Amino acid sequence: MLPFAAAALTPVVYRVLGERTAYYAAAVALACFGMVASQVGTHGPVSFAWIPSLNVSLRFYVDGLALLIGFLASGVGVLILTYSGGYMHHEPGKAKYYTALLAFMGSMLGVAFAADLVSLFVFWELTSLSSFILIGHYSDQRSSQYAARKSMLITVSGGLFMLIGFLLLANTVPQQHAFDLAWMLEHPAQVHEGLVEAGMLLPVLSLVAIGAAAKSAQVPLHIWLPNAMEAPTPVSAFLHSATMVKAGVYLVGRFRPILLPEGAHGIPEWSLLFTVLGLVTMTVAAILAVAATDIKELLAYSTASHLGLIVAGFGFASELGAETGAFHILNHAVFKAALFLVAGIIAHEAGTRKIAHLGGLRRDLPITAAITVVAALGMAGVPPFNGFYSKEFLFHAAWEAAAHSGGLAWLYPVVAVFGSIFTFLYSVKFVMLFFGEKPEGLGHVHRPPAVMLVPPAILGTIAALIGLGGVASTLHVAPASLDHFVTLIVESVLPPGAKHKPFHYKLPTHLTPAAVMSATTIALGAAAYPFYDRLHDSVNRLLSVAPLRANWWYDNAMSGLNDASVAAIPRIQTGLLRTYATWTLAAVTALTLGGYAAAGVSIPAFEGLNVTYPILLVLLVAAVGAVAVSVAPSHIAGVLTLSILGFMVAVFYVLASAPDLALTQLVVETLSLVIFLLVLDRLPSFYGEINRRRAIRDGALSVAVGATVFVTVLLATAAEPDSIASYFTDPHVTVDEAGGHNIVNVILVDFRGFDTMGEISVVAMAALSVLTLIAMRERGEIQ
């Protein structure tokens, strides 16, 4: 909760510290990093009651995967917020910027540690809300508005699908553990069996996948991520490389033990969905990155591509798949955050982000060039840089799955290599921004301030150390320091019953299919790089065909919805109460009767029906009054005959031994009649011509509403709930605890105190409104 409290104080702090608020926010992130670090070595849940009646709590759960995301959210947050102190020097809206960044970090920490489905959803949506504010930081620019709306629409829509999946999942586990994700993680086999028995495995799997795909920019929902680059570069580095987009792959990893069957072999539903989704995204996004003309656009598509790699890794049912996803989350966050910060340095100091206008930057930015070489070659999967090892795990998992299943499964390694070739191409292209000749239009590039250079240097150093750890392990100099931590992450994403050995990574020391795939990728990528410009132009020519661009579908869909809204407004917003009542009553009726039909309820039988003659007479008079209302020739006649129904209800209450209800009904009915008559004094005496079609429609709607109320009353009165009357009639409760002798008064004042206070407040506000209107009329302000 520390980031949320700090975010609330940020506007006040900004008044005192000004631009140094960046370091205040970085200190908060550092404190969060320390608190996350304090949880290393612990495992299990902690819970705080939130909605006990629904078994919903603020539950938090610590394991390897939660710690990884927590370290990324807080650790990268320290560097990004420090970097922002230099980057945002002359930018507007800094108080809002740091407030939103801190709120986002808190939301992301909540997602990482949430162990309740409702809590997870709340934090998930908070990340979307805060990212909407950050993406639209330059709120006066149409491109920023468009990007923020697109990201909000896609990620929040995906979250709603995910919520439905959560509700279906909660409905298949024991009621006392309905939303308890921590319990599900500790009993995954039982949860999976329950989903299969209920026939809910595929629906839950698909709905969770949509939520993950929307947040992690998987094809075809990847289109929001390139537009999100309208945000300031530190936001892109934080949200769209290291943290927010990791929420989707985190979700896949978190539900992997639950939705992947025990001892899975071959290609279960989980693998078929996520492996195909991940490999397609990895390849398509890599091709789109080659077509990019802007360095942040290139990095955005590359982010989607590497997220596809992580999803594909988690998709494979083997332990290798778990190792791929877990290790690449870390590797990608490190090298991609560094590259985004490098892109910010280039844009800030060179004044352009256009790839065609950049080159030879190493002369002016030597340290930045060194950082870029380490990070970009890691992104390319070149040994011994960090990204190579996790990509090697992907190749190994793809080959193993193909060898086990055969047939079309051999497309796994083929597509993995094909997509990786394009990854190599765009990574080398980014490196070459610092080499070769400087374009004529590019003048002297200033060196960045230390506050902007240190954060990417730290990330680049971490990436280099991860790579050197593999080299040291290969040479048997020392085991990689990350082995134990990544082992904890892998353990948290393995399905029950899966064989597991300690995680270990090193350079290949003998010829394996994965090593051959890596060598093939690098060789073909190096051979194709001289033709990079041709590939760039070819892909862009292909994208000039409008239906081949996902954005074309999105833009036309949004335009169509806008046109439909414009066309619907004159029909819906007519300014007539009749129209609003028709839509409201029709919708309520349809939903109610549809719900009854879907639930398969049956009308209870009429047994022991005993109607006395007085009650029968009252019902007959009410029926005559109802018919009289429908044929009344004027407003006044209609209101007078309508009041007959109200008075008959009051008589019915008297016959049913409920004099208090009868008195209330008489007062309300009398007041209603008087008010109606006063209003009718301002209206024409007769209805005029009646539209026959409208009358038929209103009659049918009236019958439907009456049927809905009739069925609802029958179903409600057929139930036999546990009686609570004995509790209220207990003298110990009424007299000793509540201090009263009248049961009705005790219920209204003590047990329903807030309800009664609300009713009194409504009456008081209505009375004040009436007095105000009377006073205004006496002063001639209204007529």
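Me: Where does Ala217 lie?
Reply: Ala217 sits in the loop between α9 and α10, where helices (H or I, at least four residues) and strands (E, at least two) are DSSP runs numbered from the N terminus. This is a predicted model, in which local features need pLDDT of at least 70 and side-chain atom pairs count only at pLDDT 80 or more, while totals for chains, interfaces and linings use all residues. Residues are numbered from 1 along each chain as its sequence is written, and side-chain values use heavy atoms, with hydrogens and water left out.

Me: What is the phi of Ala217, and is the residue buried or exposed?
Reply: Ala217 has a positive phi of about 55 degrees, although it is not a glycine. Ala217 is buried, at a relative accessible area of 0%, where buried means under 20%, exposed over 50% and partly exposed in between, with a 1.4 Å probe and protein chains only.

Me: And Ser657, buried or exposed?
Reply: Ser657 is exposed, with a relative accessible area of 64%. Ser657 is found in the loop between α26 (635-655) and α27 (659-680), and its phi is positive, near 60 degrees, in a residue other than glycine.

Me: OK, α17 then. How many of its residues are buried?
Reply: In α17, 14 of the 20 residues are buried, so this helix is largely enclosed by the rest of the structure. Helix α17 (residues 386-405) reaches 30 Å from its first C-alpha to its last, close to the 28 Å expected at 1.5 Å a residue, the expected span being 1.5 Å times one less than the number of residues. Just after α17 comes Gly406, with a positive phi of about 70 degrees.

Me: Switching to packing: at what angle do α16 and α19 meet?
Reply: Helix α16 (residues 366-380) and helix α19 (residues 450-474) pack at about 35 degrees, with their axes 9 Å apart; axes are lines fitted to C-alpha atoms, for helices over the stretch in contact, and angles run from 0 to 180 degrees between N-to-C directions.

Me: Which residues of α16 and α19 meet there?
Reply: Ile367, Thr368, Ile371 and Val374 of α16 meet Leu453, Pro456, Ala457, Gly460, Ala463 and Ala464 of α19, with contact meaning heavy atoms within 4.5 Å. By class, the contact of α16 with α19 has eight nonpolar, two polar and no charged residues; Ala, Val, Leu, Ile, Met, Phe, Trp, Tyr, Cys and Pro count as nonpolar, Asp, Glu, Lys and Arg as charged, and the others, Gly among them, as polar.

Me: How do α3 and α20 cross?
Reply: The axes of α3 (residues 64-87) and α20 (residues 483-493) come within 7 Å and cross at roughly 120 degrees. The two helices are therefore oblique to each other, as angles under 35 degrees count as roughly parallel, over 145 as roughly antiparallel, 65 to 115 as roughly perpendicular and the rest as oblique. Among the residues making this contact are Leu68 and Phe71 of α3 and Phe485 and Leu488 of α20.

Me: Last one: how many helices and strands are in the chain?
Reply: The chain has 32 helices and two strands, and buried residues make up 48% of its 783 residues.
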